[in-house]
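Biologist: Hey, I'm new to this one. Can you put it up and walk me through it?

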Amino acid sequence: MIERFPEEKLKEVSALLNKPSRILITTHHRPDGDAMGSSLALLLYFQAKGFSPILLVPCEYPDFLQWLPGNDQVLNFEDDESHAEELVNDSDMIFCLDFNWLSRVEKMEPLLRKSKAVKILIDHHLNPESIFEYTFSYPDASSTSELIFDYIKASGDEKLISPDIATALYCGIMTDTNSFRYESMKAGTHRIIASLIEAGARNHLIHQNVYDSNTENRLRLLGYALKEKLVVLREFRCAYISLSEKELEMFNFRTGDTEGVVNYALSILGVELAALFTEREGFVKISFRSKTDFSVQELSSAHFNGGGHKNASGGRYNGPLSEAIMTFLDILPEYKEKLLK
Ligand code: 5GP
Ligand code: MN
């Protein structure tokens, strides 16, 4: 394993932090549990160090993450774009968490690209863009939250991990490993989880807050998706679900409501590849999941302008829902051999 956060680089970052600097933390569009967990943990850690960082996210995020410690300090770019622009322009250091390409912050991309601030990437996605002054990219990590733990520890500050920071980090690792079940969940990550519980993360409450907080609509949408919309293609060991805007509206869709739906398709015995197509305004968002060796990262970057990880990736299709599905069905034969292996 390559050494994470080498001492020399850490010293340089630390010198910049102490300059003093205006620090901004940001993460990817449609932030998930790891994006929010890692960003909030870094925010709270910097505050514990006596800095005054700002956390600016590109858009709204699911209700099931809005209980996280520090949630009331999160600024949403979409709420006040001109104020957000000032904040980005005024910052000296920008910490970019849980994404590898600036395009992943969508509407904030031009702002970040033209900003003169020192950009520091902390991430676990493959092939990061080479625009960052400091790139801490470790694709073998379970999550960016694991990396924030490593960063704090490598900085000699493990004792600063408060119950709130521990809670945010636990939530990020838990959600990005689908509750500790992915291959990326190594023994070392379990040790980090143990440290976080010792530092005050109340694991049963975190699971409850994230997984046992469905609205009735969300659960009924899941029921509908599984009963009416699940297609199983045994010949390709593949299963997929599609949901149109109209169908989402039938269940009063809210951000985050389709999170996890794709995992049910993947859970079918014999299925190696699962996809979820959701129609959004003007494009189709696609989530891919796979078991074992099949790389959905390759599939989504080759055909759907996407990326992510070997077993969990996402992409998009600019066109109607039916065309997105047709495109997927057209490329499946190309992957048949790998899927049947
Ligand atoms: P999800 O399916 O949960 O939205 O995303 C799964 C993984 O793929 C996450 O690591 C996420 O960051 C990544 N991902 C999702 N959508 C995209 C996309 O449009 N482009 C890229 N490069 N990665 C994505
Ligand atoms: Mn992540």
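This is a predicted model: local features need pLDDT of at least 70, side-chain atom pairs count only at pLDDT 80 or more; totals for chains, interfaces and linings use all residues.

Modeller: Residues are numbered from 1 along each chain as its sequence is written, chains are lettered from A and ligands numbered from 1 in the order in which they are written, and side-chain values use heavy atoms, with hydrogens and water left out.

Biologist: Is Asp98 buried or exposed?

Modeller: Asp98 counts as buried, at 1% relative accessibility. His124 is buried as well, with a relative accessible area of 2%. Buried means under 20% relative accessible area, exposed over 50%, and partly exposed in between (1.4 Å probe, protein chains only).

Biologist: New topic. How many salt bridges are there?

Modeller: The count comes to 20, taking a salt bridge as a side-chain nitrogen of Lys or Arg within 4 Å of a carboxyl oxygen of Asp or Glu. One of them joins the side chains of Arg113 and Glu129, 2.8 Å from N to O. Arg113 is in helix α4 and Glu129 in the loop between β5 and β6, so the pair ties together parts 16 residues apart in sequence.

Biologist: What about Lys310, who does it meet?

Modeller: Lys310 meets Asp293 in a salt bridge (3.6 Å, N to O). That links distant parts of the chain, 17 residues apart: Lys310 is in the loop between β11 (307–308) and β12 (312–317), and Asp293 in the loop between β10 (283–290) and α12 (296–303). Lys310 is partly exposed, with a relative accessible area of 30%, whereas Asp293 is exposed at 65%.

Biologist: And which residue does Glu298 form a salt bridge with?

Modeller: Lys338, with the closest N and O atoms 4.0 Å apart. Glu298 lies in helix α12 and Lys338 in helix α13 (residues 321–340), so that pair ties together parts 40 residues apart in sequence. There's a network too: Arg4, Asp140, Glu146 and Asp150 are joined by salt bridges that share partners.

Biologist: Okay, backbone now. Where is there a cis peptide bond?

Modeller: Between Lys19 and Pro20, where omega is about 5°. Pro20 lies in the loop between α1 (7–17) and β1 (23–27).

Biologist: Which residue has a positive phi although it is not a glycine?

Modeller: Phe5 is one of them, with a phi of about 50°. Phe5 is in the segment before α1 and is buried, with a relative accessible area of 2%. Glu106 also has a positive phi of about 50° without being a glycine, and its place is in the loop between β4 and α4.

Biologist: Why point those out?

Modeller: Because most residues other than glycine have a negative phi, and most peptide bonds are trans.

Conventions
Helices (H or I, at least four residues) and strands (E, at least two) are DSSP runs, numbered from the N terminus.
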